Amino acid sequence: MKRILTALAGVLLCAVALLAGTSCGAPDLSYEGQKAAYDGIIAEYTALLTAKQNGETLTPPDTTGMSEEETAIAEALYGIVADQKAETLADLGYGFKDMDGNGTPELILLTRYTSIRAVFTLVNRKPVLLEANYG
């Protein structure tokens with residue numbers, strides 16, 4: 001009887017561990033997986049560039065309810081695109097580089113001529129603006 005209870009407890013423990021692992025989903029900590037954390041920034045940057053290329057008026061971001069980090073990112077993205085001349089919008093782009101060798105890719109917004117406009121890194125898997133250069 002003791003063996004049956006021990007085996008049953010082992011099966012239950014394995015089932016709980018299996019369910020916990022699949023329901024929570026382990027974060028992808030690979031280099032490529034970490035780059036996905038910047039998807040929101042890239043989408044917003046692309047939307048702003050597209051709007052400016054289409055001749056739309058850019059409105060400053062509504063930062064109500066945003067954290068300090070989110071506000072800094074939103075304002076930097078807006079500032080970079082708003083200050084760019086329409087004829088040079090095609091020169092803007094982005095790339096990834098592990099600048100400090102810690103295994104975390106930094107997102108770099110730059111021009112075709114490698115003029116860096118902004119650098120972001122991940123802190124606790126969330127993007128943080130390190131520096132912005134515009135205006």
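Helices, of at least four residues, and strands, of at least two, are DSSP runs numbered from the N terminus. This model is predicted. The chain holds 4 helices and 4 strands. Its largest pocket draws at least two lining residues from each of helix H3, helix H4 and strand S4.

**Overall build**
- Starting at the N terminus, the order of elements is α-α-α-α-β-β-β-β.
- The chain has 135 residues, and 30% of them count as buried.
- Among contacts with a separation of 6 or more, 47% join residues 24 or more positions apart.

**Surface**

**The largest pocket**
- Rolling a probe the size of a water molecule over the atoms shows where empty space is left.
- The largest pocket contains about 370 Å³ of space.
- A set of 20 residues lines this pocket.
- Closest to the centre of the pocket are Ile-41, Glu-69, Glu-70, Ile-73 and Pro-127.

**Where the lining comes from**
- Helix H3 spans 39-53, helix H4 spans 68-83 and strand S4 spans 126-132.
- Each of these three elements gives at least two residues to the lining of the largest pocket.
- H4 provides the largest share of the lining, with 6 residues.

- Nonpolar residues number 13 in the lining of the largest pocket.
- The lining also has 3 polar and 4 charged residues.

Definitions and conventions: Residues are numbered from 1 along each chain as its sequence is written. This is a predicted model: local features need pLDDT of at least 70, side-chain atom pairs count only at pLDDT 80 or more; totals for chains, interfaces and linings use all residues. Side-chain values use heavy atoms; hydrogens and water are left out. Buried means under 20% relative accessible area, exposed over 50%, partly exposed in between (1.4 Å probe, protein chains only). Contact means heavy atoms within 4.5 Å. On a 1 Å grid over the protein atoms alone, a cavity is a set of points where a 1.4 Å probe fits but cannot get out, and a pocket is an open set with protein on both sides within 12 Å along at least five of seven lines; lining residues have an atom within 4 Å of a point. Grid points are joined across faces, edges and corners, and a volume is the space filled by probe spheres set on the points. Ala, Val, Leu, Ile, Met, Phe, Trp, Tyr, Cys and Pro count as nonpolar, Asp, Glu, Lys and Arg as charged, and the others, Gly among them, as polar.
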